[in-house]
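Welcome! Here is a short briefing to read beside the structure, grouped by topic so that you can find each spot as you go.

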Amino acid sequence: MAVERLLTERDSAPPVGPALLFTRLKVTSADERVFLCKLAILAVLTGVGTVLALHRNLWAASAGTVLLAAMFTHAVELQHQCLHHSAFRRAFPHRLVGVPLGMPLLVVYSHYRVRHLQHHRYLGTPQDTEFFGFDTRGPLTFKVLLRGLLDYPRLGTVAAEILRAATGRWAYAYGHIAPAMQRRIVTEHVLLGATAAVLAVLAALGHGEYVVRLWVLPLLLAIPMHFLVELPEHLLCDTETTDVLHNTRSIRGSWLSTWFTNGNNLHIEHHAAMTVPINRLSERHEETRSFAVHVERSYADFYRILWRALRRRPAAP
């Protein structure tokens, strides 16, 4: 499976339904500047979170932890744009920027890229391989959602992947990938492991408080936070069809939720033409509202729908 082929296969399919929604666009210099501004805002807010998290006042430190967790989550949404190669006009900066964006939340860029592109290609089929573990096709119960919300076992999974990569035993579990991509994924796992090892050494040398305040606590909070951002994408949609107008959800949201999720709220628009720069997706939302099945006004509306669906379903045995 060639990764670059996956980038174009879904976009090159003949559009069915609204024309603009499925129209591809190239990244322009203006789109690049928008993305660079997003990176600058991320850097500033991360700096503010760092200062607050190190404060001796409990309330200030707590606010810093929440802000850092939010930035860990936001960074993965920016990484998501990089893995689609829709942030820069040239290909090479995407990996250069995308790798560090995912490291605080332990997301390996090239591994995420391969699996996520498969997700786009196979959405609505049994071959769907979304990178994050919650399966929206399974039974929906409070227990299942709680397990996804508190997916701390993923930390052990990532540690095992790092160990396999470092010992030459890592293999892709969802089909064939090119040797060059295999090497990239292994390298990035090892880099993540080396970073974690450096942090462990710093903790052993007496700097553990910094490691806990600036990474461990925000990470533990970012895991459920990121889950809540990703959850609306396909949950309670028709998972038996490949029609993006039926198997995906968009949320109009506010400017704040659109920024924080980096346009992930406009998920139908993204799946319809996945290489379109994220900042251009809002231009297509009126068509989405006219033709798509699952379009909500806000995240609050989605979670009200989810709550009603949960109350109607039997508890897990």
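Let us begin with Ser-110, which sits in helix α5 (residues 109–122); helices here are DSSP runs of H or I with at least four residues, strands are runs of E with at least two, and both are numbered from the N terminus. Please keep in mind that this is a predicted model, in which local features need pLDDT of at least 70 and side-chain atom pairs count only at pLDDT 80 or more, while totals for chains, interfaces and linings use all residues. Residues are numbered from 1 along each chain as its sequence is written, and side-chain values use heavy atoms, with hydrogens and water left out.

**Ser-110 and its surroundings**

- Ser-110 has 0% relative accessibility, so it counts as buried; buried means under 20% relative accessible area, exposed means over 50%, and partly exposed lies in between (1.4 Å probe, protein chains only).
- Leaving aside residues up to four places away in sequence, Ser-110 touches Arg-95, Met-181, Arg-184, Ile-185 and Glu-188, where a contact means heavy atoms within 4.5 Å.
- Glu-188 is 78 residues from Ser-110 in sequence, yet their C-alpha atoms are 7.5 Å apart in space.
- The side chains of Ser-110 and Glu-188 also make a polar contact at 2.7 Å.
- A polar contact is a pair of N or O atoms within 3.5 Å; within protein, one must be able to donate a hydrogen and the other to accept it, and residues adjacent in sequence count only if both atoms are side-chain atoms.

**Helix α4 and its cover**

- Helix α4 (residues 92–102) has several buried residues: Pro-93, His-94, Val-97, Gly-98, Val-99, Leu-101 and Gly-102.
- The cover over these buried residues includes α2 (29–53), α3 (58–83), α5 and α8.

**Thr-248 in its loop**

- You will find Thr-248 in the loop between α9 (244–247) and β1 (249–251).
- Is Thr-248 buried or exposed? With 0% relative accessibility, Thr-248 counts as buried.
- Its side chain makes a polar contact with the side chain of His-234 at 3.3 Å, and another with the side chain of Asn-247 at 2.7 Å.
- Beyond four places in sequence, the residues that Thr-248 touches include Leu-123, Cys-237, His-267, His-271 and His-294.

**Aromatic pairs**

- How many aromatic pairs does the structure hold? There are 6; rings of Phe, Tyr and Trp (its six-membered ring) pair if their centres lie within 6.5 Å, and planes under 30 degrees apart count as stacked, over 60 as edge-to-face and the rest as tilted.
- Phe-35 and Phe-88 make an edge-to-face pair, with 5.4 Å from centre to centre and 80 degrees between the planes.
- This pair links distant parts of the chain, as Phe-35 is in helix α2 and Phe-88 is in the loop between α3 and α4, 53 residues apart.
- Phe-35 counts as buried at 1% relative accessibility, and Phe-88 is buried with a relative accessible area of 8%.
- Tyr-172 and Tyr-174 have ring centres 5.8 Å apart and planes at 65 degrees, so this pair is edge-to-face as well.
- Tyr-172 is buried, with a relative accessible area of 9%, whereas Tyr-174 is partly exposed at 39%.
- Together with Trp-170, Tyr-172 and Tyr-174 form one aromatic cluster.
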